[in-house]
Amino acid sequence: MKLVMIRWVDSAFLHGWVDRDSVKTHQPSDCVSVGLLVNEGKEHITIVQSASKEQVGDGLTIPKCCIKKMWQLKVKC
């Protein structure tokens, strides 16, 4: 599995009542996630935080249309 860092954009949520001007200036969230790449499909990728021989933990699937940039990280052990 490759270790990757992904810069991506996510939907942003406004909670409760807010004034109209706040809604006009509300923006999507810029996100950065790091994980082990376990699947890269045509429309999305999936990374996980942890992995053993049999299991993976804490997965995140990101639509490719939301990805701004993805880097493969190199680790020295």
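Exposed here means over 50% relative accessible area, buried means under 20%, and partly exposed is in between, with a 1.4 Å probe and protein chains only. Before I go on, a word on the model: it is predicted, so local features need pLDDT of at least 70, side-chain atom pairs count only at pLDDT 80 or more, and totals for chains, interfaces and linings use all residues. Residues are numbered from 1 along each chain as its sequence is written, and side-chain values use heavy atoms, with hydrogens and water left out.

Back to aspartate 21, then. Which residue is its salt-bridge partner? Aspartate 21 pairs with lysine 24, and their closest N and O atoms are 3.9 Å apart. For the cut-off, a salt bridge is a side-chain nitrogen of Lys or Arg within 4 Å of a carboxyl oxygen of Asp or Glu. Both residues lie in helix H1, residues 20-25, and they sit three residues apart, about one turn of the helix. Helices (H or I, at least four residues) and strands (E, at least two) are DSSP runs, numbered from the N terminus. Lysine 24 counts as exposed too, at 67% relative accessibility.

How many salt bridges does the structure hold? There are three. In another of them, the side chains of lysine 68 and aspartate 30 meet at 3.0 Å, N to O. That pair links distant parts of the chain, with lysine 68 in strand E5 and aspartate 30 in strand E2 (residues 29-40), 38 residues apart. Lysine 68 counts as partly exposed at 46% relative accessibility, while aspartate 30 counts as exposed at 52%.

Lysine 64 and glutamate 40 also form a salt bridge through their side chains, at 3.3 Å, N to O. Lysine 64 is in the loop between E4 and E5 and glutamate 40 is in strand E2, so this pair ties together parts that are 24 residues apart in sequence. Both residues are partly exposed: lysine 64 has a relative accessible area of 30%, and glutamate 40 comes in at 45%.

Now for the sheet. Five strands form an open sheet in the order E4-E3-E2-E1-E5, with antiparallel pairing. Two strands pair if DSSP finds at least two bridges between them. Which strands stand at the edges? They are E4 (56-63) and E5 (67-72); each has a single partner strand, so one side of each is left without a neighbour in the sheet. The twist averages 40° from one strand to the next; axes are lines fitted to C-alpha atoms, and angles run from 0 to 180 degrees between N-to-C directions.

Let's zoom in on strand E3, residues 44-51, which pairs with E4 in the antiparallel sense over seven bridges. Histidine 44 stands opposite proline 63 in E4. Threonine 46 lies in strand E3, and at 15% relative accessibility it counts as buried. Its side chain is joined to that of threonine 61 by a polar contact of 2.9 Å. A polar contact is a pair of N or O atoms within 3.5 Å; within protein, one must be able to donate a hydrogen and the other to accept it, and residues adjacent in sequence count only if both atoms are side-chain atoms.

Valine 48 is in strand E3 as well, and it is buried, with a relative accessible area of 4%. Valine 48 and glycine 35 are 13 residues apart in sequence, yet 5.3 Å apart in space, C-alpha to C-alpha.

On to the interior. In soluble globular proteins, nonpolar side chains tend to be buried together. The largest nonpolar core in this model has eight residues: Val4, Ile6, Trp8, Cys31, Leu37, Ile45, Ile47 and Ile62. Strands E1 (2-10), E2 and E3 are the elements that give two or more residues to this core, and E1 gives the most, with three residues. By definition, such a core is a set of buried Ala, Val, Leu, Ile, Met, Phe, Trp, Tyr and Cys residues joined through side-chain atoms within 4.5 Å.

I'll finish with serine 33, which lies in strand E2. Is serine 33 buried or exposed? It is buried, with a relative accessible area of 13%. The side chain of serine 33 makes a polar contact of 3.1 Å with the side chain of tryptophan 8.
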